[in-house]
Amino acid sequence: MFMQKMMWSGIVLAGGSSTRMGMDKRFMTIHAQPLVVWVIERLRALVDEVIVAALDPTMLDGLAARVVTDVYPGQGVLAGLHAGLTAARSAWAIAVAGDMPLLNPALLRAMMRLAEDSAADIVVPEWRGNLEPLHALYRPSVCAPAAEAALQAGKRRIVAFYSDMRVHIIPQDEIARWDPEGRTFFNVNTPEDWTLALQQLDE
């Protein structure tokens, strides 16, 4: 029997604060593309729609993606994730930070396959003892309202609603099959990070 392909959304969290970088890192260029566009294009090959969550959508006019803003402004990254999940039209969403230039498509595809066969609401990697909630998969239908409830309760940690969800944690040894060094989780916060990311992209 023919099985319909599951629909996926991609959410890029591109809040806009770049205090340690000294400039707006979203528009620093990789191979002539702004970083935020670079991340969008890495996701576009995997999903059916791309959503960008930003504090000031006017800064991102012209992007080939839907841009949404926080329903709960000033409440940090959880508010951005909530905005993206609320806007998502698919059964599952990949959420990543907008400053991750080394995203690993093979690992993301493996995570997607796992999610589609899972009863979980969240599929999240664990790397070096820490969860990676900005490189994770979410069921918007249940995660968006749970994130909203956490925000309404005054909680701001991005994992604040995890305890109410069915969470599948991918262990480091499994992640290492696709990304032995965990480069996919690398985000750029400083000029030194940026230099290192460019070097790794050119390897």
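Predicted model: local features only at pLDDT ≥ 70, side-chain atom pairs only at ≥ 80, totals over all residues.
**Entry 1: Glu49**

I started with Glu49, which is buried, with a relative accessible area of 12%. Buried here means under 20% relative accessible area, exposed means over 50%, and partly exposed is in between, with a 1.4 Å probe and protein chains only. Residues are numbered from 1 along each chain as its sequence is written, and side-chain values use heavy atoms, with hydrogens and water left out.

I then looked up where Glu49 sits, and found it in strand S4. Strands (E, at least two residues) and helices (H or I, at least four) are DSSP runs, numbered from the N terminus.

Which residues does Glu49 touch, not counting those up to four places away in sequence? I listed Trp8, Ser9, Gly10, Arg66, Ala87, Ala88, Arg89 and Ser90. Contact means heavy atoms within 4.5 Å. Gly10 is 39 residues from Glu49 in sequence, yet the two are 6.1 Å apart in space, C-alpha to C-alpha.

I also found a polar contact of 2.5 Å between the side chains of Glu49 and Ser9. Such a contact is a pair of N or O atoms within 3.5 Å; within protein, one must be able to donate a hydrogen and the other to accept it, and residues adjacent in sequence count only if both atoms are side-chain atoms.

Next I looked at charged pairs. Side chains of opposite charge can pair when their charged atoms come close. A salt bridge is a side-chain nitrogen of Lys or Arg within 4 Å of a carboxyl oxygen of Asp or Glu. How many salt bridges does the structure hold? I read off 7.

One of them joins the side chains of Arg66 and Glu49, at 2.7 Å from N to O. This pair links distant parts of the chain, with Arg66 in strand S5 (residues 66–68) and Glu49 in strand S4 (residues 49–53), 17 residues apart. Arg66 counts as partly exposed, at 26% relative accessibility.

Glu49 also meets Arg89 in a salt bridge, at 3.9 Å from N to O. Arg89 lies in the loop between helix H2 (77–87) and S6, and Glu49 in strand S4, so the pair ties together parts that are 40 residues apart in sequence. Arg89 counts as exposed, at 64% relative accessibility.

**Entry 2: Asp99 and Lys25**

I moved on to another salt bridge, where the side chains of Asp99 and Lys25 meet at 2.8 Å, N to O. Here too the pair links distant parts of the chain: Asp99 is in the loop between S6 and helix H3 (105–116), and Lys25 is in the loop between strand S1 (8–13) and strand S2 (29–30), 74 residues apart.

Are these two buried or exposed? Asp99 is buried, with a relative accessible area of 9%, and Lys25 counts as buried at 10%.

**Entry 3: Val68**

I went back to strand S5 for Val68. Val68 counts as buried, at 17% relative accessibility. Leaving out residues up to four places away in sequence, Val68 touches Ile51, Val52, Ala53, Ala54, Ala83, Gly84 and Ala87. Thr86 is 18 residues from Val68 in sequence and 9.6 Å away in space, C-alpha to C-alpha.

Which way do the residues of strand S9 (residues 135–138) point? His135 and Leu137 point one way, Ala136 and Tyr138 the other way, and all are buried.

I checked the pairing next; two strands pair if DSSP finds at least two bridges between them. Strand S6 (residues 92–97) runs antiparallel to S9, with 4 bridges joining them, and Val96 has His135 as its bridge partner in S9. Strand S7 (residues 122–127) is also antiparallel to S9, joined by 2 bridges, and there Ile122 has Tyr138 as its partner.

**Entry 4: Helix H1**

I found helix H1 (residues 35–44) mostly covered, with 7 of its 10 residues buried. I wrote down the buried ones as Leu35, Val36, Val37, Trp38, Val39, Ile40 and Leu43.
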